[in-house]
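Biologist: Could you take a close look at the aromatic pairs for me, and then walk me through what surrounds them in the rest of the model?

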Amino acid sequence: MGFRVAVVGATGLVGRQVLRVLEERRFPVEELRPLATSRSAGRTVEFGGTTWEVGEATAGALAGADFAFFAASGDVSKELAPVAARAGTVVIDKSNTFRMDPEVPLVVPEVNGHALARHRNLIASPNCSTIQLVVALKPILDRFGLEQVVVSTYQAVSGTGAAALEELEAEVRADVEGRAHGPQVYPQPIAFNVLPHCDRFEAEGSTLEEWKLVRETRKILEQPDLAVTATAVRVPVRVGHSEAVWLKTREEATVDDLRSALQAAPGVVVLDDPGAAAYPTPLQVAGRDEVYVGRLRRDPAVPRAFWLWIVADNLRKGAATNAVQIAEALVAARAPSGQ
């Protein structure tokens, strides 16, 4: 049985990835509706060997869809997602709009797929940096408990969008050619630079991106009192977010214990042989759907404390793949036993 599938934001980086992942994973699409704002409507996208014209995202265009993947702005999600959900469409939203709504499940299927049981046709997909973090933390939490987590991110410019990728490329070319090129997407140049500034600054000096990591991690792991803190940093990398993570377990554990738990976890690849220069990097994980973990080591100064290095493709597992996996889990739950 196939499904009527809408993709809102189909012309953007994440929207195009959603189309690619749907095709690669052979999601049963019977009817495709690529949609975007009026500014991008009329453009074309590729799916299933066919060129599709993108329509304008409206309530009417979404009517009757079985699934709608929202990969557009928060304003678009706020306006159209509840309307589509009330009409019976299962909405999987990638924006920040509904993530902390207590009535909306915030889901990473490998981590808290059980939360889908209470959805009301509206499901939030977490922030890209949160997804890879909780996929790696979950097996450690289950085996040893967690007391504290400290995260420093190294986030690719594709997390900001296509304009940020273009800005990085333009600044690199300008630098090589000895020309000036003032930043427009970011407040300072990103080429050959590092910016401790992801999203807007909020109370007490933290950015919204840092608060997303804190709040979303607690919600997904169902640990409302978990001590989590973060520093989010933008780096001149095209695709692939990296994270240096310090954590403290509740129970005694060894590095081998953590490695064993991670190796057995769904969606995790352990790449951890520093002596052979084997550790995850953004270039290695680009185009992959797994979360890669390496540089496992004990903190010699603090009991039950460890360091991890976590890397994932922010456009795939951090966005498109996670959304499609949510839809796959819902389809699997509908299937009769034995199918």
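Modeller: Happy to. In this predicted model, the count comes to 4 aromatic pairs. Take Phe3 and Phe27 to begin with: their ring centres are 6.0 Å apart and the planes meet at 35 degrees, so this pair is tilted. Phe3 sits in strand 1 (residues 3-8), while Phe27 belongs to the loop between helix 1 (13-24) and strand 2 (29-36), so the contact ties together parts that are 24 residues apart in sequence. Both Phe3 and Phe27 are buried.

Phe3 has another partner, Phe67. Here the centres are 5.4 Å apart and the planes stand at 75 degrees; since an angle over 60 degrees counts as edge-to-face, that is the label for Phe3 and Phe67. This pair links distant parts of the chain, with Phe3 in strand 1 and Phe67 in strand 6 (residues 67-70), 64 residues apart. As for accessibility, Phe3 comes out at 4%, which makes it buried, and Phe67 at 0% is buried as well. Taken as a group, Phe3, Phe27 and Phe67 form one aromatic cluster.

The structure holds 0 disulfides. For Cys128, the closest cysteine sulfur is that of Cys198, 9.0 Å away, which is too far for a bond, given that a disulfide needs the sulfur atoms within 2.5 Å. Cys128 is buried at 11% relative accessibility, and Cys198 is buried with a relative accessible area of 1%.

The largest pocket has a volume of about 1100 Å³ and is lined by 43 residues, with Val14, Ala72, Gly159, Thr160 and Gly161 lying nearest its centre. Helix 1, helix 3 (74-86), helix 6 (162-177), helix 7 (208-221) and helix 10 (316-334) each give two or more residues to this lining. By class, the lining of the largest pocket has 16 nonpolar, 20 polar and 7 charged residues.

The second largest pocket has a volume of about 240 Å³. Its lining includes Leu168, Glu169, Val172, Phe192 and Arg238. The lining of the second largest pocket has 10 nonpolar, no polar and 2 charged residues.

Notes. Residues numbered from 1 in each chain as written. Predicted model: local features only at pLDDT ≥ 70, side-chain atom pairs only at ≥ 80, totals over all residues. Heavy atoms only, no water. Phe/Tyr/Trp six-rings, centres within 6.5 Å; stacked < 30°, edge-to-face > 60°. Helix = DSSP H or I, 4+ residues; strand = E, 2+ residues; numbered from the N terminus. Buried < 20%, exposed > 50% of the residue type's maximum accessible area, 1.4 Å probe, protein only. 1 Å grid on protein atoms, 1.4 Å probe; cavity = no way out; pocket = protein on both sides within 12 Å on 5 of 7 lines; lining within 4 Å. Points joined across faces, edges and corners; volume = space filled by probe spheres on them. Nonpolar A, V, L, I, M, F, W, Y, C, P; charged D, E, K, R; others polar.
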